[in-house]
Amino acid sequence: MSETPSKEDELAGTEQPFVQHLMELRDRLLYSIGGVLVALALLAFWPGPDGLMNFIAHPIKMHMPPDAKLIAVGVFSPFIVPLKVLGMAAILLALPWIMYQLWAFVAPGLYMHERKFALPLIFFGSLLAYAGIAFVQLFVLDRMFGFIQHFTPSSVAATPDIASYVEAILSLYLAFGLAFQVPIVVILLVRLGIVEIAKLKSFRGYFIVLSFVIAAVVTPPDVLSQISLAVPMCILYEVGILGATWFSRNQPKKEEETDADAAA
């Protein structure tokens, strides 16, 4: 019987010592930090900490009395909080660069078809994170504060502390930025063979309940913000199923072509 010739592994000979991996990781971390520092310098020049604070405070100021301002209870809050906002904005601005450095670190250990698959996921993952934050800033905050102010007694002056306000806003940014990664997670689960598409479809009802539970835990205790997180998660789950279906139909053919090229 004739044996089937084994295909040459395209990663053969590319192994690196452990120390070299550590050096590569160090370099990628330094590149990422450098990108954040550049973004920090740009944002410090324009719009500056004051402009960033005015931007994120705009949704709640729309529902406060005229000429009302956020207050600073802590002694160092007027200095620390704007710097915290500036740092978070710099990380968000440099997010594509950070994700690229992550991809560049793991890319040498991936096959060609895996590299072609990973790079679009990193790109769309960054876009989805930006979309989640923009959704919070442009849609959720205005309606959430309007809902809260509607129940505020007339004898109470709603003047939130700047530190607690920024902490709440940043936690919402993080929650929605992560929640909007649902399509990426779904596609990865299918691509790695962990879950089948049929299982994801049958899990749809459970995911709806799970999304509302997650929204109730990570958002403020008002119905509007919880619905604003749970409903997009359900929609993005369906988007992930569609994306996984598309990848599963097209990827095998591409992998066969890649393997044939490697064996040639």
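Helices (H or I, at least four residues) and strands (E, at least two) are DSSP runs, numbered from the N terminus. The model is predicted: local features need pLDDT of at least 70, side-chain atom pairs count only at pLDDT 80 or more, and totals for chains, interfaces and linings use all residues. Residues are numbered from 1 along each chain as its sequence is written, and side-chain values use heavy atoms, with hydrogens and water left out.

The protein has 10 helices and 0 strands. From the N terminus, its elements read α-α-α-α-α-α-α-α-α-α. Of its 264 residues, 36% count as buried. Buried means under 20% relative accessible area, exposed means over 50%, and partly exposed lies in between (1.4 Å probe, protein chains only). Contact means heavy atoms within 4.5 Å. Among contacts between residues at least 6 apart in sequence, 85% join residues at least 24 apart.

The interior comes next. A nonpolar core is a set of buried Ala, Val, Leu, Ile, Met, Phe, Trp, Tyr and Cys residues joined through side-chain atoms within 4.5 Å. The largest such core has 53 residues, and Tyr165 and Val166 have the most contacts inside it. Beyond its neighbours within four places in sequence, Val166 is in contact with Met53, Ile56, Val81 and Val85. A second, separate core has 6 residues, including Trp103, Ala104, Leu110 and Ala118.

Ala39 counts as buried because its relative accessible area is 4%. Its contacts, leaving aside neighbours within four places in sequence, are Ala90, Leu93 and Ala94. The C-alpha atoms of Ala39 and Ala89 are 8.3 Å apart, although 50 residues separate the two along the chain. Arg28 is also found in helix 1. Arg28 touches Gln101, Ala104 and Phe105, not counting residues up to four places away in sequence. The side chains of Arg28 and Gln101 are joined by a polar contact of 2.9 Å. A polar contact is a pair of N or O atoms within 3.5 Å; within protein, one must be able to donate a hydrogen and the other to accept it, and residues adjacent in sequence count only if both atoms are side-chain atoms.

Accessible areas come from the Shrake-Rupley method with a 1.4 Å probe; for residues, only the protein chains shown count as cover. The accessible surface of the protein is about 16,400 Å², of which 71% belongs to carbon and sulfur atoms. Leu210 is in helix 9 (residues 204–218). Leu210 counts as partly exposed because its relative accessible area is 37%.
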